[in-house]
Amino acid sequence: MKVAAKLATVDVNGIKANLMTYNGCFPGPTIRVHSGDVLRIHESNGLPFTAALNILGYERNHVNLHTHGLHVSPEAPADFVMYKLRSGETYDHEYDMDLQPPGTLNLYHPHGHGSVAEQYWAGLMGALIVEDEKQHNVPMPMRSLQGFDADAGARQEASQAWDTFKKERSGDRAVAGARYGSALKDAVASAPAGAGGALEARKALGLPSGSAIGAEETPTTRSRERLVQYSQQSQFVAGKSFFQNDKQWMDSTLQKHPNAKQVRIQFGSAEYFDLAAKNSRALPWLALGQNVKFVMDDTVYDIYE
Ligand SMILES: [Cu+2]
């Protein structure tokens, strides 16, 4: 992917505007990537050279590049912004998207101290889309939150809850809503969602905080109860994120190894204990239960009951 900062006259809603642009368009070209990719961006600065300073006293028309929202390294050559690209210079960024969850909308823009605001406002920005699992062609059995995908009731509750959270700006429920929203969003990535997260979720969705079963059980409260469970269906264990599909805990990196060698091992069998004895690093993953699937040394281990 190439992005070139340059001045251009662009049509913005029928009005001609002289902007700073990426590749002569506004917004800049949309970059689409997949979780697990290596994204390479060749950046060049085609803005005119000037010795002028801006109102903050910083030299103008130097750029760099920031990927706003990506879960990537801040070190060179990834999301490193401690440099100034002068007119005519180039920089090659490389971002490892291993930790970036699928299905997210992010931005790219320059991030130079003292100059970012004027450049951003002048038009230097573009969208950076990390495709969702469907677009990524992740096989259905390897997708996260499969149950949620198939559960129309819970999805409807989620979208209504989301609308409510946006409207409620203050108070307990708004705070719980914000916390719960981010717990649900992170459920696909490494999720620290524990008992506290569940409590926030219950508060936000207007459910009783204990498990007061029976009182007023309606289809709506049942959908909301399931929604709480979906946001709890992941955990981070010994360097891997796991999400739960049905009874099975699945390693999120499975999505990157759709064609890896598969070994099916029955829980409690002689092979099971052999695997445990020979691979101490697999112990925390095996401890997840009797139905676990994880990747180790390019092999997928499918432990079943
Ligand atoms: Cu930003």
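Asn13 sits in the loop that joins strand 1 (2–12) to strand 2. This is a predicted model, and in it Asn13 has phi near 50°, a positive value in a residue other than glycine. Asn13 is exposed, because 5 other C-beta atoms lie within 10 Å and the limit for exposed is 12 or fewer.

A second residue of this kind is Ala238, with a positive phi near 45°. Ala238 belongs to the loop between strand 9 (234–237) and strand 10. Ala238 is partly exposed, with 13 other C-beta atoms within 10 Å.

Next, the cis peptide bonds. From Phe26 to Pro27 the bond is cis, with omega near -10°; Pro27 is in the loop between strand 2 (15–22) and strand 3 (28–33). The bond from Ala76 to Pro77 is also cis, with omega near 0°, and Pro77 is in the loop between strand 5 (66–68) and strand 6 (90–96).

Now the core. The largest nonpolar core has 22 residues, and Leu205 and Val292 touch the most other members. Elements giving two or more residues to this core include helix 3 (152–167), helix 5 (195–204) and strand 13 (292–296). Why does this core lie between domain 2 (140–232) and domain 3 (237–304)? Because both domains give residues to it.

Last, helix 3. Its 16 residues should span 22 Å at 1.5 Å a residue, and the end C-alpha atoms are 23 Å apart, which agrees. Buried in helix 3 are Ala154, Glu157 and Ala161. These cover an arc of only 60° around the axis, so they are on the same side of the helix. The face turned away from that buried side carries exposed residues, among them Trp162, Asp163 and Lys166.

Key:
Residues numbered from 1 in each chain as written. Predicted model: local features only at pLDDT ≥ 70, side-chain atom pairs only at ≥ 80, totals over all residues. Core = buried A, V, L, I, M, F, W, Y, C linked by C-beta atoms within 7 Å. Buried ≥ 20, exposed ≤ 12 C-beta atoms within 10 Å, placed from the backbone. Helix = DSSP H or I, 4+ residues; strand = E, 2+ residues; numbered from the N terminus. Domains from an automatic or database assignment. Expected span 1.5 Å × (residues − 1). Arc of directions from axis to C-beta.
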